[in-house]
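This report sets out the computed features of a single protein chain. Please keep the sequence and the structure in view while reading.

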Amino acid sequence: MENSPRLDAVLRPVRAGNAFEETVERLLRAIKLGVVPPGDRLPAERELAVRLGISRVTLREAIKYLADAGYLQVRRGRYGGAFVIYREAGAEPADLRKAVADMGQGLADALDFRMAVECGAAQVLAAATLTTHQRDTLCRRLADVNGSGPDDYRRLDTAFHLSIAELTGSTLLAGACADARLRVAHLLNAIPILQTNIDHAAVQHRAIVTAILDGDPAAAYRAVAEHLEATAALLRGFLA
């Protein structure tokens, strides 16, 4: 697959004491956030082992575990590798209401965390002197998500949001935004993806990018805040 900066946000080095468990967790993040979408292959074993700072034996054990759990399919041969076969199932409102109840105050905490890190990332990026490559990348992510259909929307929306943090050049900020997104990913899947929703979000996405490209940190912060508040309102509505 394409060597994407998004991999750096989710496939960070693991701690030696819990290498197997943390490797599984990192790979699941990449899968559930759509960084490696269904049908795509994980990076080569050698690259993954270096990224995660683990032995190839530990990596193989983690891949086997996820294959047995139905997330990956291991194919042999010249064009082999570990391919993602997991697809997020549409969530039922009743199940999500229970999930929200189980989270308790954790939901508000997760939404606040996401607001803080994503607004901050946009503010930082808008204050930076952007290269042509950074501008082109941001515009390409915007075009991808705003031109997507319901089947690809959630994955490309994630890519758009994560790209803002990644383009700051801060691995800590990119990792925080990936963490924040993952905390609410299963809840976001409760929102029906209809063309009306896509059209409304597209206007908000363009406002975010415009503020960043104009070098206006305050406007970038406000644009992201308005977008996330709108998403939270939809979420509350569907889970009520």
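The sections below move from the overall fold to the hairpin, the nonpolar cores, the pocket and the cavity.

## Overall fold

The model described here is predicted. The protein has eleven helices and two strands. Read from the N terminus, its elements follow the order α-α-α-α-β-β-α-α-α-α-α-α-α.

Of the 240 residues in the protein, 46% are buried.

## The β hairpin

Strand β1 covers residues 72-75 and strand β2 covers residues 81-84. The two strands run antiparallel and are joined by four bridges. Within this pairing, Q73 stands opposite F83 in β2.

β1 and β2 form a hairpin, with five residues between the strands. In the turn, G77 has a positive phi of about 100°.

## Nonpolar cores

In soluble globular proteins, nonpolar side chains tend to be buried together. In this model, the largest nonpolar core has 63 residues. The residues with the most contacts inside this core are L11, L27, L42, L59, L72, I164 and I212. A second, separate core consists of seven residues, including A110, V184, L187 and I191.

What is L72 in contact with, leaving aside its neighbours within four places in sequence? The contacts of L72 are I31, L42, I63, L66, A67, A82, F83, V84 and I85. L72 belongs to strand β1, and among its contacts are A82, F83 and V84, which lie within the residue range of strand β2. L42, another residue in the list of those with the most contacts inside the largest core, is also in contact with L72.

## The largest pocket

The largest pocket has a volume of about 610 Å³. Its lining comprises 25 residues, and E88, D151, R154, R155 and N189 lie nearest the centre of the pocket. The elements that give two or more residues to this lining are α2 (19-32), α8 (150-166) and α9 (171-188).

Helix α8 gives the most to the lining of the largest pocket, namely six residues. By residue class, the lining divides into 13 nonpolar, four polar and eight charged residues.

## The largest cavity

How many cavities of 30 Å³ or more does a search of the whole structure find? The search finds one. About 40 Å³ of space lies in the largest cavity, which is lined by E118, A121, H161, I164, A165, I208 and V224. I164 is also one of the residues with the most contacts inside the largest nonpolar core.

Helices α6 and α8 each supply at least two residues of the cavity lining. The largest share, three residues, comes from α8; this helix also gives the most to the lining of the largest pocket.

## A108 in helix α6

A108 lies in helix α6, which spans residues 105-127. Is A108 buried, partly exposed or exposed? A108 counts as partly exposed because its relative accessibility is 35%, a value between the 20% limit for buried residues and the 50% limit for exposed ones.

A108 and A232 are 124 residues apart along the chain, and their C-alpha atoms are separated by 9.9 Å.

Technical notes. Residues are numbered from 1 along each chain as its sequence is written. This is a predicted model: local features need pLDDT of at least 70, side-chain atom pairs count only at pLDDT 80 or more; totals for chains, interfaces and linings use all residues. Side-chain values use heavy atoms; hydrogens and water are left out. Two strands pair if DSSP finds at least two bridges between them. A nonpolar core is a set of buried Ala, Val, Leu, Ile, Met, Phe, Trp, Tyr and Cys residues joined through side-chain atoms within 4.5 Å. Buried means under 20% relative accessible area, exposed over 50%, partly exposed in between (1.4 Å probe, protein chains only). Contact means heavy atoms within 4.5 Å. On a 1 Å grid over the protein atoms alone, a cavity is a set of points where a 1.4 Å probe fits but cannot get out, and a pocket is an open set with protein on both sides within 12 Å along at least five of seven lines; lining residues have an atom within 4 Å of a point. Grid points are joined across faces, edges and corners, and a volume is the space filled by probe spheres set on the points. Ala, Val, Leu, Ile, Met, Phe, Trp, Tyr, Cys and Pro count as nonpolar, Asp, Glu, Lys and Arg as charged, and the others, Gly among them, as polar.
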